Amino acid sequence: MRANQLRLYFSSFAYVLMQNLRRLTQQGTALARPQCDTIRLKLLRVGVQVRLSVRKVWLAFTEGYPYAGLFYEVLTRLQAIPERT
């Protein structure tokens, strides 16, 4: 019973996270009104090489990734959201 409850919490949290991601970052883009599965496939399921330095995280996309521009646009909008204190 507890395992099912935990899975329900994770699913609910993931759904709310995806809805807020769509609401805050994707207005006026090609992904303005997609389903959560479409966001997951186009933005979150990305093959990328990650390099870490002391102060930066470098993402190296493959040249064949068709949504790189959209990914960077959404990332820029996420970075522009002010932090709550």
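## The largest pocket

Helices are DSSP runs of H or I with at least four residues, numbered from the N terminus. In this predicted model, helix α1 gives the largest share of the lining of the largest pocket, namely five residues. Three helices, α1 (2-25), α2 (36-44) and α3 (68-80), each contribute at least two residues to that lining, and the volume of the largest pocket comes to about 240 Å³.

The residues that line the largest pocket are L17, M18, N20, L21, L24, L43, L44, F71, V74, L75, L78 and I81. By residue class, the lining of this pocket consists of 11 nonpolar residues and one polar residue, with no charged residue among them.

## F71 in helix α3

F71, one of the residues lining the largest pocket, belongs to helix α3. Its relative accessible area is 18%, and because buried means under 20%, F71 is classed as buried.

When neighbours within four places in sequence are left aside, the contacts of F71 are L43, L59, F61 and Y65.

## The β1-β2 hairpin

Strand β1 (residues 48-52) pairs with strand β2 (residues 57-61) in the antiparallel sense, over five bridges, and the two strands form a hairpin in which four residues lie between them. Within this pairing V48 stands opposite F61 of β2, and F61 is in turn one of the residues in contact with F71.

Methods. Residues are numbered from 1 along each chain as its sequence is written. This is a predicted model: local features need pLDDT of at least 70, side-chain atom pairs count only at pLDDT 80 or more; totals for chains, interfaces and linings use all residues. Side-chain values use heavy atoms; hydrogens and water are left out. Two strands pair if DSSP finds at least two bridges between them. On a 1 Å grid over the protein atoms alone, a cavity is a set of points where a 1.4 Å probe fits but cannot get out, and a pocket is an open set with protein on both sides within 12 Å along at least five of seven lines; lining residues have an atom within 4 Å of a point. Grid points are joined across faces, edges and corners, and a volume is the space filled by probe spheres set on the points. Ala, Val, Leu, Ile, Met, Phe, Trp, Tyr, Cys and Pro count as nonpolar, Asp, Glu, Lys and Arg as charged, and the others, Gly among them, as polar. Buried means under 20% relative accessible area, exposed over 50%, partly exposed in between (1.4 Å probe, protein chains only). Contact means heavy atoms within 4.5 Å.
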